[in-house]
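Please look through the sequence and the model below, and then follow the explanation one region at a time.

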Amino acid sequence: MSSDTENTDTTNESDSGGGHCSTPDSDGEVAEEIAIISFGRKMDTAEEIKAEIGDRYEAIDIIEYHGDVFEEHWGEYDCFVGLMASGIAMRKTAHLLDDKWDDPAICVVDEELTWAIPITGGHHGANQVAQDLATMGAVPAMTTASEAAGKQGVESRAKAMDTHVVNGDSTVKTNLAVLDDNLGPVERLEGPKAVLVGDDVTVLKRNKDEGVVLGTGSVSGADKEAFLAAWEEALERTDYDLDDVEFVGTATRKEDEEGLLEAAQELDLGVVAFDKETLLDHEGPTPSKSKELIGWPGVSEASAIAGGAEQELILEKISYENEVTVAIGR
C-alpha cells in the first residue's frame, strides 16, 4: 500500500543510544534534540534526513513508528519529525498537547521530501526544522503569521542572533508588532544592570559568552562562493574560526542578497540586518564612499560593531575580489 498505515505491534530505535531524557526547550529557544518518527519502510529516507541535517542539531534519533510512540517519548525531544501523513501525527499527539511553551514542536514530511509541514510549535522548532528540510528540496509549508507574511518573527530573530527568548509569553504581542511593522530593531542593553519589562517586551539572551560577528557588505549580485571565500579569508586573519561565529551582520538594504543568504545557510549561520540609524551609531574607522553617495556608513564594520557583545572591532574591513567586504566584531 502506498499510504501510511499504523502498526502498533513493535517499536525499534535506530542510532538513538536509548533516547534522550533532557528537558525540551520551552522558552522560545531553537530545537536542539530531534526525533525522526518513521515507518519501517521509510527508514532509508529517515537516515538520509539525519545524514543531511544532523550536524545542525545536538542530536537526531531515528525511532520506528508504533501506535504509542509519541506518548512514549513525549518530553524527551524538542521536536518530532513525523515521516508520515499529517493526519497520523495529529491524531496521535492531539491528546498530549498541553502548553505551547512546554510541548515539543512537531513537523511532518512526506517520503518524497516534497512538503515539510510544521503542525505545532512553529516558532519553537518546527519552522526551523522545515527550513532545514528545505535544503533537501522540501517546500516548507509554514502558516505562522509572520512567516506567512514574509517577515521575521521574534523567535526567528532570536535564532539568527544565536540567542534564546527568556520570556516566551511576550512573543504573542511582539510578533503582532512584527506583522504591523512596529517592532523596530532589537535593542541592546549592556550590564551589569537590572531591567523591568512589561509583557509586550521580549527579552533575548545570548547563547554564547564569547563569540564574533561577521559584518558583511557586497556589490549587488555577489555569489555564494564570493561570500564564503571572503569570510574564510577574514577569519584566517584572526584567532577565531567558524565555530566562534555567532551570526552574520549586514544592512537592511542588503538583507535580500541571494549569495549572502545562500552562504549563510550553507554554514548554518543566521543573518541579522541592521537599519541605517543603528549602523550610523556604530560607524567603523574605515572611510566609505557609500556615506557620501547614499548616506549609509560602511556596512561591514558598522554591522560587526553593532552585533558584537562588546561592540569592539577586531578586524577592520577587508575586500575580497572587489565584491564582498568583511569586518569582524565581538
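How many bridges join β10 to β14, and do these strands run parallel or antiparallel? In this predicted model, 6 bridges join β10 to β14, and the two strands run antiparallel, with Ser218 standing opposite Val324 in β14. Strand β14 also pairs with β13 (residues 313-320), again in an antiparallel arrangement, through 5 bridges, and here Leu313 stands opposite Gly329. The strands β13 and β14 form a hairpin with 3 residues between them, and in the turn Glu321 has a positive phi of about 55 degrees.

In a regular strand, side chains alternate between the two faces of the sheet.

Just after α9, Asp268 takes a positive phi of about 60 degrees.

Turning to the nonpolar cores, the largest has 24 residues, and those with the most contacts inside it are Ile34, Ile49, Val129 and Leu133. At least two residues of this core come from each of β2 (33-38), α1 (43-53), β3 (59-64), β4 (79-83), β5 (105-109) and α4 (126-134). A second, separate core of 22 residues includes Ala230, Val271, Ile318 and Val326.

Notes. Residues are numbered from 1 along each chain as its sequence is written. This is a predicted model: local features need pLDDT of at least 70, side-chain atom pairs count only at pLDDT 80 or more; totals for chains, interfaces and linings use all residues. Side-chain values use heavy atoms; hydrogens and water are left out. Helices (H or I, at least four residues) and strands (E, at least two) are DSSP runs, numbered from the N terminus. A nonpolar core is a set of buried Ala, Val, Leu, Ile, Met, Phe, Trp, Tyr and Cys residues joined through side-chain atoms within 4.5 Å. Buried means under 20% relative accessible area, exposed over 50%, partly exposed in between (1.4 Å probe, protein chains only). Two strands pair if DSSP finds at least two bridges between them.
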